[in-house]
Amino acid sequence: MKRVAFLLPGLAWAIFEYLRSIGFTQVRVRHHGTIARIEVLPAEMKRFMERGMQEKVSRQLRRLKYQYVTLDLLGYRTGSMNEVIKKS
């Protein structure tokens, strides 16, 4: 499996600040080429799925040139990058 590239600091910060500004408390976005994979706390996943929230987030990240915006179904967790590295 291909290793995940880290976001440029300015872009990562902009996405982080945007997600925090709309109420998510613990977030992470992973960059996979044209795909943004979002991690939020499992307790906040229901909020992410509320009507209109997916469109709002997707629209913002597409403005930043992501073709696809995904939500990690396991949610935010420490060590998630190690899962990918161990399988490589």
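**Chat about the sheet and core of a predicted chain**

Modeller: In this chain of 88 residues, buried residues make up 36%. Keep in mind that the model is predicted.

Colleague: What is the mean pLDDT of the chain?

Modeller: The mean is 83, with 78% of the residues at 70 or more. Residues 1-5 have a pLDDT below 50.

Colleague: How many contacts does that stretch have in the model, beyond near neighbours in sequence?

Modeller: Residues 1-5 have nine such contacts.

Colleague: OK. In what order do the elements run from the N terminus?

Modeller: The order is α-β-β-α-α-β-α, which comprises four helices and three strands.

Colleague: What is the strand order in the sheet?

Modeller: S1-S2-S3, in an open sheet with mixed pairing. Strand S1 (27-32) and strand S3 (68-71) are the edge strands, each pairing on one side only. On average, neighbouring strands are turned by 20° against each other, direction ignored.

Colleague: Do S1 and S2 run parallel or antiparallel?

Modeller: Antiparallel, with six bridges between S1 and S2, the strand at residues 35-40. Val-27 has Val-40 of S2 as its bridge partner, and Val-29 stands opposite Ile-38.

Colleague: Is S2 mostly covered or open?

Modeller: Mostly covered, as five of the six residues in S2 are buried.

Colleague: Let's move to the core. How many residues are in the largest nonpolar one?

Modeller: It has 17 residues, and Leu-19, Ile-38, Val-40 and Val-57 have the most contacts inside it. In soluble globular proteins, nonpolar side chains tend to be buried together.

Colleague: Which elements give two or more residues to that core?

Modeller: Helix H1 (9-21), S1, S2, helix H2 (45-48) and helix H3 (53-63) do.

Colleague: Back to Ile-38. What does it touch, leaving out residues up to four places away in sequence?

Modeller: Ile-38 touches Leu-19, Arg-28, Val-29, Phe-48, Val-57, Leu-61, Val-69, Thr-70, Leu-71 and Asp-72. Leu-19 and Val-57 are also among the core residues with the most contacts inside the core.

Colleague: What share of the contacts with a separation of 6 or more comes from residues 24 or more positions apart?

Modeller: Such pairs account for 62% of those contacts.

Colleague: Last topic, the surface. What does the accessible area come to?

Modeller: About 5900 Å² for the chain, and 58% of that belongs to carbon and sulfur atoms.

Conventions. Residues are numbered from 1 along each chain as its sequence is written. This is a predicted model: local features need pLDDT of at least 70, side-chain atom pairs count only at pLDDT 80 or more; totals for chains, interfaces and linings use all residues. Side-chain values use heavy atoms; hydrogens and water are left out. Two strands pair if DSSP finds at least two bridges between them. Axes are lines fitted to C-alpha atoms, for helices over the stretch in contact, and angles run from 0 to 180 degrees between N-to-C directions. pLDDT is the predictor's confidence in each residue, from 0 to 100. Contact means heavy atoms within 4.5 Å. A nonpolar core is a set of buried Ala, Val, Leu, Ile, Met, Phe, Trp, Tyr and Cys residues joined through side-chain atoms within 4.5 Å. Buried means under 20% relative accessible area, exposed over 50%, partly exposed in between (1.4 Å probe, protein chains only). Accessible areas come from the Shrake-Rupley method with a 1.4 Å probe; for residues, only the protein chains shown count as cover.
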